[in-house]
Amino acid sequence: GKELVARAIHANSFRREGTFIEINCSAIPYTLLESELFGFEPGAFTDAKKVKQGLIEQAQGGTLFLDEIGDMEIGMQSKLLNVLQERKFRRLGGTRTMDMSARIIAATNHDLKEAIKNSKFRQDLFYRLNVLNIYVPPLRERKDDILILIEHFINEFNEKYEKSVKGIDPVALEIMKEYIWPGNIRELRNVIERIVI
């Protein structure tokens, strides 16, 4: 879904030689997300013993994909906005300001305009990020993609689990095309992985 689109943008751009880094903003607590994005210097907090590059720094010259940005805590949104506006950042506990030269791609399943109305997402960050909007319809609206994705996942899991599954029964395919896939491509991927196993 969204990650495949982000990877395709990266792979077909002048940044393709740079690193593609993805982070799921909903999966990491606020305090950890800050150190993951910005990195830290020794002494920045109790367990900070050595320099750690953050994902913004690691993505220099490449692409940083912020998945589920709609779940990012409002204080972290403010810090991200500052980086996007100034194109500069510092590691936690650091004094040296570094230039930010990564492309940022952000994605969410949330209606950010509604989140702005409910004070859950910063309007200024929304407009900073919303330069080019790509709508990826849910899997249930792209029935023709299901077979292509199933074949892709079968190949992936055949290799991973050293199996030799050969396609999908036409009746099973029709059942999968009729299913609404509330978990989108992740759900389909998990179903195919279970089947291959």
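The accessible surface of the protein chain amounts to about 11700 Å², and carbon and sulfur atoms contribute 51% of it. The model is predicted. Along the principal axes, the C-alpha atoms occupy a box of roughly 60 × 40 × 35 Å. The secondary structure consists of nine helices and seven strands. Of the 197 residues in the protein chain, 37% are buried.

Two packed helices are described by the angle between their axes and the distance between the axes. For helix α2 (residues 30-38) and helix α4 (residues 74-86), the axes come within 10 Å and cross at roughly 15°. Angles under 35 degrees count as roughly parallel, and α2 and α4 are therefore roughly parallel to each other. Their crossing is right-handed. On the α2 side, the contact is formed by Tyr30, Leu33, Glu34, Leu37 and Phe38, which meet Gly75, Met76, Lys79 and Val83 of α4. Sorted by class, the contact of α2 with α4 comprises six nonpolar, one polar and two charged residues.

The buried residues of α2 are Leu33, Glu34, Ser35, Leu37 and Phe38. Leu33, Glu34, Leu37 and Phe38 also take part in the contact with α4. Just after α2, Gly39 adopts a positive phi of about 75°.

Positive phi values also occur in residues other than glycine. Arg87, which is not a glycine, has a positive phi of about 60°. This residue lies in the loop between α4 and β5 (88-89). The relative accessible area of Arg87 is 33%, so the residue is partly exposed. Ser119, likewise a residue other than glycine, has a positive phi near 60°. Ser119 is placed in the loop between α5 (112-117) and α6 (123-129). With a relative accessibility of 59%, Ser119 counts as exposed, because the cut-off for exposed residues is over 50%.

Helix α1 (residues 2-11) contains His10. At 6% relative accessibility, His10 counts as buried, because the cut-off for buried residues is under 20%. When residues up to four places away in sequence are not counted, His10 touches Arg15, Arg16, Gly18, Thr19, Phe20, Gly62, Thr63 and Arg103.

Key
Residues are numbered from 1 along each chain as its sequence is written. This is a predicted model: local features need pLDDT of at least 70, side-chain atom pairs count only at pLDDT 80 or more; totals for chains, interfaces and linings use all residues. Side-chain values use heavy atoms; hydrogens and water are left out. Axes are lines fitted to C-alpha atoms, for helices over the stretch in contact, and angles run from 0 to 180 degrees between N-to-C directions. Helices (H or I, at least four residues) and strands (E, at least two) are DSSP runs, numbered from the N terminus. Angles under 35 degrees count as roughly parallel, over 145 as roughly antiparallel, 65 to 115 as roughly perpendicular and the rest as oblique. A crossing is left-handed if the near helix is turned anticlockwise from the far one by less than a right angle, and right-handed if clockwise. Contact means heavy atoms within 4.5 Å. Ala, Val, Leu, Ile, Met, Phe, Trp, Tyr, Cys and Pro count as nonpolar, Asp, Glu, Lys and Arg as charged, and the others, Gly among them, as polar. Buried means under 20% relative accessible area, exposed over 50%, partly exposed in between (1.4 Å probe, protein chains only). Accessible areas come from the Shrake-Rupley method with a 1.4 Å probe; for residues, only the protein chains shown count as cover.
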